[in-house]
Amino acid sequence: MEHRALLVVPDRGTRAALRLLLEQHGVAVRTAPDAFAALGALDEWPATVLVGSPSTAGMDGMAFLDKIVARDPRVHFVALTKAGDVATAVRAVQRGAAGCIPDPVDPSQAWETIAAALRTESAVETASVGTTRLLGSSGATAALREIIHQVAPSRASVLITGESGTGKELVARMLHEQSNRARGRFVRLHCAALSESLLESELFGHERGAFTGATARRRGRFEDADGGSLFLDEIGEISPSIQVKLLRFLQEREFERVGGNETLRVDVRVIAASNRALKAEVRAGRFRQDLFYRLNVIHLETTPLRARREDIPLLAHHFVARFAAENDKEVVISPEALGALQGCEWEGNVRELENVIERAVILARDLIELRHLPADLGDNDAHSTVRVPGSTLSEIERDAILRTLEAARGSTARTADILGISVRKVRYKLREYGIRRAPGE
Ligand SMILES: Nc1ncnc2c1ncn2[C@@H]1O[C@H](COP(=O)(O)OP(=O)(O)OP(=O)(O)O)[C@@H](O)[C@H]1O
Ligand SMILES: [Mg+2]
């Protein structure tokens, strides 16, 4: 599981140093400006470690610590205390802090303290409660939430269909989190991304020597998901021979590893998703009817965003808050911009809305206005640029690249990702603007 740290550290320099340190160790980092923002951020983004200074966290530091500890025992509070202030450090630990880092920060010592807090995570992780939320006030979304709640406890297979970006994976996670198998793992396998033979060994595992390159025995995802849920994404893409093996598992609950004779039994709930109408695939003879019925014991359908526009304001505010916190900014959205979002077609559904807002948050100073939205919003052309009256296209491009680069802390890869262009193009443009690459790249 990804490790996440939330930093509530007012001093810019210390915050930057800690961010760098954590990111170097592969920890995902977000920041919050104060204790109140931190509590909000944790609702959206459950972190495993919170680094906060108990003296300047925007509410009485010890009260902040108490709140975090009481709120969720899985969040480890690492207190940043003044070097030499032993009394505060001791008090923090007595009240539930997982450790203390003396300020000014010594990186290697700080990492040891944080790593220790992260290590204790796995022990409590299994007691996880559902954190994934399906936002939206429309009747369709409310009904979906209710159905998820009702069907989550059973082991019956679920088939989720719906357009791309409508929340199928989110629904699958909720089914897992709200079931009594939440203590087990949620294992996801993207069926379209793998060749037939790879998919088979990913699913069922393989014995040593089962095929060229199988130098050791390997467990499959079914074994990994024992006691939990296996999410088979893009199920419509699997080949006839894998269809047969999957059918056997769903009927008998047993399978063999590739190249193995031992029959294994696991307790796994299968959740499958497809953005194609699987029934049509059955009629066309590409998908086995018997497998379809086994998967389709419960069928959930996600609704395209354009058919539930009432959900857009709530989703938009949610994404603005999330990306603002991620980028350490305070940003809100104007009524005009929100109106424009509500009028769009959204062929990429919620994912597209999410991407549009991420970019707008980065481009805007503190208010998202129409000009921060893609000019061709609704045309579904990913390579759009920002409409700024009175600027030439190349000025707009330069502005977008530089501001995104700044928000991405100098990462050309991340900048390319956000703007939907190649890294090469970003670097080429930077050279054109006479800017040398950011240090450390
Ligand atoms: N109702 C919702 N509330 C909050 N976030 C949502 C909602 N619906 C979708 N999202 C977010 O939108 C993004 C896309 O959702 P998801 O990946 O579940 O879609 P999908 O249907 O699996 O898409 P695809 O078919 O392209 O794989 C995710 O970041 C998800 O968290
Ligand atoms: Mg998906």
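Student: Is Q289 buried, partly exposed or exposed?
Tutor: This is a predicted model, in which local features need pLDDT of at least 70, side-chain atom pairs count only at pLDDT 80 or more, and totals for chains, interfaces and linings use all residues. Residues are numbered from 1 along each chain as its sequence is written, chains are lettered from A and ligands numbered from 1 in the order in which they are written, and side-chain values use heavy atoms, with hydrogens and water left out. Buried means under 20% relative accessible area, exposed over 50% and partly exposed in between, with a 1.4 Å probe and protein chains only. Because its relative accessibility is 46%, Q289 counts as partly exposed.

Student: In which helix does Q289 lie, and how far apart are the C-alpha atoms of Q289 and L278?
Tutor: Helices (DSSP runs of H or I, at least four residues) and strands (runs of E, at least two) are numbered from the N terminus, and Q289 belongs to α13, residues 289-295. L278 is 11 residues away from Q289 along the chain, and the separation of their C-alpha atoms is 9.6 Å.

Student: Is T302 buried or exposed, and which side chain does the side chain of T302 join in a polar contact?
Tutor: T302 sits in the loop between β12 (298-301) and α14 (311-326), and its relative accessible area is 4%, so T302 is buried. Contact means heavy atoms within 4.5 Å, and beyond its neighbours within four places in sequence T302 has contacts that include L144, I160, G167, K168 and V171. A polar contact is a pair of N or O atoms within 3.5 Å; within protein, one must be able to donate a hydrogen and the other to accept it, and residues adjacent in sequence count only if both atoms are side-chain atoms. At 2.7 Å, the side chain that T302 joins in this way is that of T166.

Student: Which residues are the closest to ligand 1?
Tutor: A residue is near a molecule if one of its heavy atoms lies within 4 Å of it. On that basis 16 residues surround ligand 1, and the closest are S164, G165, K168, R351 and E354.

Student: Which polar side-chain atom lies 2.7 Å from an oxygen atom of ligand 1, and what share of the ligand's area does the protein bury?
Tutor: Backbone N or O atoms come up to ligand oxygen atoms at 3.1 Å from G167 and at 3.0 Å from L170, while the polar side-chain atom at 2.7 Å belongs to E354. Accessible areas come from the Shrake-Rupley method with a 1.4 Å probe, and for residues only the protein chains shown count as cover. Ligand 1 taken alone exposes 640 Å², of which the protein buries 86%.

Student: Why does ligand 1 lie between two domains, and which are they?
Tutor: The shell around ligand 1 divides into 5 nonpolar residues, 5 polar and 6 charged, where Ala, Val, Leu, Ile, Met, Phe, Trp, Tyr, Cys and Pro count as nonpolar, Asp, Glu, Lys and Arg as charged, and the others, Gly among them, as polar. Domain bounds come from an automatic or database domain assignment. Ligand 1 lies between two domains because both give residues to its shell, namely domain 2 (139-303) and domain 3 (307-432).

Student: Is S157 buried or exposed, and which residue's backbone oxygen does the side chain of S157 reach?
Tutor: S157 is in the loop between α7 (139-151) and β6 (158-161), and because its relative accessibility is 4% it counts as buried. Residues up to four places away in sequence aside, S157 touches L250, V270, R294, L295, V297 and I298. The C-alpha atoms of S157 and R269, 112 residues apart along the chain, are separated by 6.3 Å. The backbone oxygen that the side chain of S157 reaches, at 3.5 Å, is that of R294.

Student: What is the phi of D328?
Tutor: D328 is found in the loop between α14 and β13 (332-333), and with a relative accessible area of 32% it is partly exposed. Although D328 is not a glycine, its phi is positive, at about 60°.
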